[in-house]
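Subject: A structure for you to explore

Hello,

Here is the structure I promised to pass on to you. Have a look around it first, and then read my notes below.

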Amino acid sequence: MIECDIVVVGGGPAGMAAALQSAKFGYSVILVAPSGTFIESDDRTTALMMPGIDLLKDMGAWPNLEHDATPMKTMRILDGSHRLVRAPTVTFRAHEIDETAFGYNIVNRALNAALSAVIEDVPAIRQIDSMASSAAYGPDGATVSLANGETVNAKLVVAADGVNSILRESASIGTRKWSYPQTAVVLTFAHTRDHGFTSSEFHTETGPFAQVPMSGKRSSLVWVVPPDEAERLASLDGDILAGMIETRMQSMLGKVSDVSKPQCWPLSGMIAHRFGAERLVLVGQTAHIFPPIGAQGLNLSLRDIDDLGKCLQSAGVDPGSSGVTGRYDRMRRADVTTRTGTVDLLNRSLLTGFLPVQLARAVGLGAIAAIPPLRNIVMREGMAPGYGLRSLFERGKRLRERDRAEASHSS
C-alpha cells in the first residue's frame, strides 16, 4: 500500500505536467506511467501557444527545448478550395499584439523528454512503471489499483490516462464522442526557401492543409483528407508526395524534398460530461479529444494543468476536497465547451457545400482581415480564452483614464 497526496495516472505530456504542477504546491505525488510507450518515439510536432510556453518555463522544462523550438511569428489562413465563394487571405502577425511570437513548434519527442528530465530532479515525485487497473473513490480518499499488484491511496486522483480512461470509467463519468469523415496525414518535409517563421493553413474542401515551421528550412504538415485518400497518400513515393505538397503550397517554400514517412490519424472528437468528481479531476485527452485544427489539442490540455494549479494553490491539506474538484470542473467547463464548439463548427464549415455557410465564412474572414481591432481580438483569443476581451477592456480603461486626466488638466 503506497500513500501520497496526489496520484497522477498517465505518462504523456499532460500527465507529466500535472505531476510537476502538483508537486509545485508541496504535495507528495505518485506518477503512474508505463515505459516503452509511443511518447518516447513520437516525431510529430505540436504548436504550443505562448501561455503553454510560459507554463513550461515555470516548470523548468523550457531550457531543454528552447534551442530546437521554432517560433511562429506569422500565421496565415488561405482559401485553397475551388468553390464559387472563396474567403480572402487573413494574415496574423504577432507584433500587432506586442508579442514576439504566437508560440513555438516543438517536436513531441523532445517535449516529452524535457518534462521527464525535470521530473527526475523533483524529489516529491515518485514514478511507478505500471498502469492503473481500477480505482475507487470515497469521501475521505481514493484508491488506485495498479497492474503490477501495488495499490496507491491518495487524496486526489488526476486522470491523464487517455481517451479510454479506466479512471474516468471507474467514476461513471460518461462522454460524448463523434467522428469525422476525415483522416489527418502527418509528416515533415524540407524546402529550399526560408519559411520566415510563418505558418500557413490552407482551407480546402476536405479540411485544413496546415504547414508549421520547424528548425532550418524544414516544416511539419497536417494534411486532412478522406480516409481512402489518406491511405493512398501514405503509400506514395516520397518524390511524388513532395511534388504534390509543393503544388498545394503554391511553391511558396520553393522545391519540396526529403518527405518523412507519413502517419495517418483518423479524426474524432470527445468531451467528458464532467471534468471533476469525488476525489478525481480529468486532464488532457481523458477530458477532451480534438481534431488537429486550430492548434487547440495540447494547448487546451496545458490550460487544464494551469487551472489545476490555481485550484491546488489554495487547497490546503486536502487537495481532493469537493471544493477543489468542483472548482476545477467549473473552471474548465466554459473553455473546453467553447473550444470544442468552435473547432467543430470550423471543420464542418469546410466540408459543407451549402452556399450560405460558405458565404458566411467568407464574410467573417473578410471582416477579420479588414478590421485591425477585430483581428487583434481574434489573435489574442486564439492564444488564451478571454485574453482578447480582457485586453480590449483594459485598453478602454486606459483611454478613459487618459481622457479624464486631460480633462482635469484643461480645467
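Among contacts in the chain between residues at least 6 apart in sequence, what percentage join residues at least 24 apart? The figure is 71%, where a contact means heavy atoms within 4.5 Å.

Before going further, a word on the source: this is a predicted model, in which local features need pLDDT of at least 70 and side-chain atom pairs count only at pLDDT 80 or more, while totals for chains, interfaces and linings use all residues. Residues are numbered from 1 along each chain as its sequence is written, and side-chain values use heavy atoms, with hydrogens and water left out.

**The whole chain**

The chain holds 11 helices and 22 strands; these are DSSP runs numbered from the N terminus, with helices (H or I) of at least four residues and strands (E) of at least two. Its radius of gyration, taken over C-alpha atoms, is 23 Å, close to the 22 Å that the globule rule gives for 411 residues, so the chain is as compact as a globular protein of that length. That rule is 2.2 Å times the number of residues to the power 0.38. Along its principal axes, the C-alpha trace spans about 75 × 65 × 40 Å.

Of the 411 residues, 51% count as buried. Here buried means under 20% relative accessible area, exposed means over 50%, and partly exposed is in between (1.4 Å probe, protein chains only). The accessible surface of the chain comes to about 18,500 Å², and 55% of it belongs to carbon and sulfur atoms; such areas come from the Shrake-Rupley method with a 1.4 Å probe.

**The cores**

Which residues have the most contacts inside the largest nonpolar core? They are Val-7, Ile-106, Val-144, Val-158 and Leu-167, in a core of 98 residues. A nonpolar core is a set of buried Ala, Val, Leu, Ile, Met, Phe, Trp, Tyr and Cys residues joined through side-chain atoms within 4.5 Å. Helix α7 (residues 297-313) gives the most to this core, with seven residues. There is also a second, separate core of 18 residues, which includes Val-185, Phe-202, Leu-241 and Ala-242.

Leu-302 is found in helix α7 and is buried, with a relative accessible area of 7%. Not counting residues up to four places away in sequence, Leu-302 touches Ala-17, Leu-48, Gly-52 and Leu-55. Leu-302 and Leu-48 are 254 residues apart along the chain, yet their C-alpha atoms are separated by 9.2 Å.

**Two backbone angles to look at**

Most residues other than glycine have a negative phi. Ser-251 has a positive value, near 60°, and is placed in the loop between α6 (238-248) and β18 (256-257). Arg-279 also has a positive phi, near 65°, and is found in the loop between β20 (276-277) and β21 (280-282). Is each of them buried or partly exposed? Ser-251 counts as partly exposed at 31% relative accessibility, whereas Arg-279, at 6%, counts as buried.

Enjoy exploring!
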